[in-house]
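Here are a few exercises to work through with the model open beside you. Try each task before reading its solution.

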Amino acid sequence: MGAPEKTTTSNNNSSMQRVKVYRLNDDGKWDDQGTGHVTIDYLERSEDLGLFVLDEEDNETLLVHRISSDDIYRKQEDTIISWRDPEYSSELALSFQETTGCSYIWDHVCNVQRNLHFNTLNNETYHGANSELRELPEVELSTLPSILKVVVDSSITDQLCVTELILHDQKFFRKLMDLFRVCEDLENYDGLHIIYKIVRGIILLNSPQIFEKIFSDELIMDIVGCLEYDPDVPHVHHRDLLKAHVFKEAIPITDPLASSKIHQTYRVSYLKDVVLSRVLDEATAASLNSIVHSNNGMVVTLLKDDANFMKELFTRLKSPSTTPESKMNLVYFLQEFCNLSKSLQMVQQLRLFRDLVSEGIFEVIGDILQSDDNKLILTGTDILMLFVSQDPALLRSYVSRQEGVSLIGLLVKGMLKDFGDDMHCQFLEIIKSLLDTYSPAGQRDAIVDVFYERHLDQLLDVISSSCPPYAAHKSTDSNGSLHSQTSIKPEILLNIYDLLCFCVLQHPYKIKSKFLLSGVIEKVLSLTCRREKYLVVAAIRFIRTLISLKDEQLMNHMAKNNLLKPIVDVFVDNGSHYNLLNSAVLELFEYIRKENLKTLVKYLVETFWVELVKFDGLPSIQSLKVRYDQAMEQATNQNGPYALNTRRRVDERGLEKEEEDYFNEDSDEEDSASASMPRTTRIRAQPTLSNGSSSSLSPSPRPGGLVDYDDDDDDEDYKPPPKTKPEKTQEDEGSLEFQFRLKRKISKQEPDSVKKRLLTKNPIKSKESVFATLCSTLSQAVLPSKNTPNTSQDNKDKGDTGPNKETDKNTLTVGPERILYSKYHCKGGGGGGGAILSGQGHE
């Protein structure tokens, strides 16, 4: 330790903490050794730190303990630090007066331990299996076992020393390779096996400096030769395989550094993936991957910065005189070059792709996609996928221009082409990227318009040609095969459906107009005739995607043209099989039910319930029928006895404002009118019928009642007797006021639909006529039903002169307005409100 550290420590020791010292005796009890103050300081004549406890009374030393790097200290209950002292073989403990003092000393003890560990790693000399060895043994055949023991059997700390010793000896690898060649010439397999283990152990040291030496051009082939002699596996001539590998240069690489890094990358990858694949640990494999990644970035950078190289590359790619074989090598090189660009940083990658675009890479790819070589086409597609993944805006910008329009057609053509067992999804992903709505509006609109105008019908024609018309899908030839079905790979059809679903979600308005005008849905559903069940499920998924738009016009189009019949038919034909097809159809029905798409619910149940009833046990089918019944019940309630007569709605709409004004003004006007004019002027008397009800004084031929009752038609020919002016009495006044307030209460409690029923066909020009209409309505409300006599003449013939209680009883079942009036009429007997409104009263 240096003097500065002592100064710092002495400054820290100025804060002394009060503690009690305890020692564990032989009986297992703690003996109190005294109370004092603890501090950390250097031991006498030593560079080590220790704990000192001085007695608080006479400053005598109670405890001196050298702090150990071993994990022997324990902190208990925030105020006690205990440990076993190895020098005295006894348990010691310090009990602090305050928790802050305990934490202070504990932190210092931990810091001292960390410093001790650090100094051990930096300052200790080699003390492995041969602790007296300060350097590696001489590389000789007799010392190979000793070298192997040093390299393989060393600890982690020793491995750092071994690495330093190997790097310090500049001739170590040269001597070891010379010895390897001698053993190989003499066929000394024991020596070769030992050398293999030594080289393997050196690689597992995972030192970048050692990797730089052994992977150099001078040593790499000999290192591979040493690794051929693995005693656990048969001998493999890896050097011959590496030498037999021919390095193809599509364009000569003049930079020696770039060429050297290319060769080194290949050899390191071969070592990692082939030679040492069984023995590498994760850390060493990661280091080798890092070397490969770094070399790739360096190669791309060197070639990118070589202007002559890039110019020569694209000149040959665009030249019509380039031979097919040479062009294929150039395309493969371009693909590899773009793949290696992933090793660059993001900014450098974007800069590289922009440079490639300016060189005309998209025109080159357009020529490649028109080639007859399928492998060449797929290679060009891979290059486009790299642009889509790195910077799709570059591709969209090119395609949106006039010179790039043809590229969309080439992509669609490639999507429909049969490439054997190769995948077609690259074309699909590129087209999706071009049609994506997240692209800038100007670019997106131009690309979408071109696709829908020129290429969507091409995709639909492929579907139509691959499937027979649905009407004829059951017509088969003598062998049972379907007619007019061309050979289209199911994978191609599946990609088409995937693209159509994508278009539905991305461009709902454009796809809607296209589907409604061109009969696209019928063509798409022809896929349900295919025998491949996953294609049928794809058609169902397309309809499910289309319905998710919740477009009423589309749903009406489906219902009108019975477009879901193919789906229901395949579901019924599938029977009770629980498979993907069954689940897809049930999920479609469940979605229609949950979203309450009434048009489709009604269409499905009313059109296909005869076929679906056999699946009534399934919850989705049962719930669909329940949803339909609920909708029908709701529609029935809306058309019930309280619903508006649709024939009157137009006439009633003109009276709504005037009637509302009347109800809003009648309370104030009633009070003012009651005080200013006689009651006989305000009361419009009505002749009394023999059963106590009154007739209407409305000037209209037939006013609209409070409710449009069926028995109103029986009273159309009724002619009331001549009007007589009644005499007003106190009871009449009270009854009229009560009845008027009752009518106002009814009008306030009734909803707007009931208010509309108060309106008549002919406009009411005065408040008197409005009031007469209300009185007439009340008189209509207590008229007898069709099953009882309902004219005054019929009652007179029977001799009834007073209120007909039987008629009132029947009236109670008609509606809320009639119930209210009937209760009041019965309560009043022959007089009351009923008598007043009939114009009789108590005379």
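**Exercise 1.** In which hand of crossing, left-handed or right-handed, does H5 pass H6?

*Solution.* A word on the model first: it is predicted, local features need pLDDT of at least 70, side-chain atom pairs count only at pLDDT 80 or more, and totals for chains, interfaces and linings use all residues. Residues are numbered from 1 along each chain as its sequence is written, and side-chain values use heavy atoms, with hydrogens and water left out.

Step 1: H5 passes H6 in a left-handed crossing (the near helix is turned anticlockwise from the far one by less than a right angle; clockwise would be right-handed).

Step 2: the contact (heavy atoms within 4.5 Å) involves residues of H5 including Phe172, Leu176 and Phe180, and residues of H6 including Leu192, Ile195 and Val199.

Step 3: sorted by class, this H5 and H6 contact holds 12 nonpolar, 1 polar and 1 charged residues. Here Ala, Val, Leu, Ile, Met, Phe, Trp, Tyr, Cys and Pro count as nonpolar, Asp, Glu, Lys and Arg as charged, and the others, Gly among them, as polar.

**Exercise 2.** Which residues of H13 are buried, and what covers them?

*Solution.* Step 1: helix H13 runs over residues 324-340, and its 17 residues reach 24 Å from first C-alpha to last, close to the 24 Å expected at 1.5 Å a residue (the expected span is 1.5 Å times one less than the number of residues).

Step 1: the buried residues of H13 are Leu330, Val331, Leu334, Gln335, Phe337, Cys338 and Leu340.

Step 2: their cover includes helices H11 (282-304), H12 (307-318), H14 (346-359), H15 (361-369) and H16 (374-390).

**Exercise 3.** What share of the 843 residues of the protein counts as buried?

*Solution.* The share is 45%.

Key:
Helices (H or I, at least four residues) and strands (E, at least two) are DSSP runs, numbered from the N terminus. Buried means under 20% relative accessible area, exposed over 50%, partly exposed in between (1.4 Å probe, protein chains only).
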